[in-house]
Amino acid sequence: MEKQKTNGRTKKGTGAYSNITVKKETATRFRNYSKKFNKSHSEVLDGMMQYFKENNLDPFGEGAKIILDSIKKLERQMMKKFDRLIAIIKNMEKTSIRPTYEMMLILYEAYVRDGKKPKPKPSQLQEERMDFLEPRNTVPKAEYDRILQEFKEYKKHCNEILQNVEKVEPMMGKPYLKINMGIGDFESLKHQLR
């Protein structure tokens, strides 16, 4: 290892120093950049030059621009591949993972229901019969008489219509029924049946 004498003292591992004149802004940028590596300015500068030499890079020539362009192109290609992977994963989630999960959930819920074995409930028919037999579902006598009277009138009206029906047998075609009724009576019947 080299030794350097400064003010009567020697430092180990140091070589001779030389001054380089750079702009103040450049020196400030370089000092801030060197702090990231926790190394001396000489070591950082030496590492940078070694990197350029090993990779055959020219920071001012076309080579640097070509490398930057190729890195950007590679980045775009990688982003496209990531987008494709995301689309494939989303498709798998829709077509296979989620349906499988939902089927398993349905099976599990059915298993839990069967495992509990709830109490048997009386059937709906039995409940309706019990409701029918209860006295609260009876109709008052006046209401019953009114409904019976309406039914008799409806039956009488239907018989009147049936008496006005006659069979027609045409020369060609199937026989059909004809109702002898005025248009006003027909419209009135339609109105009543609505």
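## Reading the predicted model

Student: What percentage of the residues count as buried?
Tutor: A residue counts as buried if its relative accessible area is under 20%. When this cut-off is applied to the 194 residues of the protein chain, the share that counts as buried is 5%.

Student: Which kind of aromatic pair do Tyr 33 and Phe 37 form?
Tutor: The structure holds two aromatic pairs, and in the one made by Tyr 33 and Phe 37 the ring centres are 5.1 Å apart. Tyr 33 is partly exposed, with a relative accessible area of 36%, and Phe 37 is also partly exposed, at 41%. Planes over 60 degrees apart count as edge-to-face. Because the planes of Tyr 33 and Phe 37 stand at 70 degrees, the pair is edge-to-face.

Student: Is Asn 38 buried or exposed?
Tutor: Asn 38 is found in the loop between α1 and α2, and it has a positive phi of about 55 degrees although it is not a glycine. Most residues other than glycine have a negative phi. An area over 50% counts as exposed, and because Asn 38 has a relative accessible area of 74%, this residue is exposed.

Student: Which elements give two or more residues to the lining of the largest pocket?
Tutor: The largest pocket has a volume of about 860 Å³, and 19 residues line it, with Ile 20, Val 22, Thr 26, Phe 30 and Leu 45 the closest to its centre. By class, this lining has twelve nonpolar, five polar and two charged residues. The elements that give two or more residues to the lining of the largest pocket are α1 (24–35) and α2 (41–54).

Student: Which element gives the largest share of the lining of the second largest pocket?
Tutor: The second largest pocket holds about 160 Å³ of space, and the residues that line it include His 157, Glu 160, Asn 180 and Gln 192. Its lining divides into three nonpolar, five polar and two charged residues. Two or more lining residues come from each of α5 (141–163) and α6 (183–193). The largest share of this lining is four residues, and the element that gives them is α6.

Conventions:
Residues numbered from 1 in each chain as written. Predicted model: local features only at pLDDT ≥ 70, side-chain atom pairs only at ≥ 80, totals over all residues. Heavy atoms only, no water. Buried < 20%, exposed > 50% of the residue type's maximum accessible area, 1.4 Å probe, protein only. Phe/Tyr/Trp six-rings, centres within 6.5 Å; stacked < 30°, edge-to-face > 60°. 1 Å grid on protein atoms, 1.4 Å probe; cavity = no way out; pocket = protein on both sides within 12 Å on 5 of 7 lines; lining within 4 Å. Points joined across faces, edges and corners; volume = space filled by probe spheres on them. Nonpolar A, V, L, I, M, F, W, Y, C, P; charged D, E, K, R; others polar.
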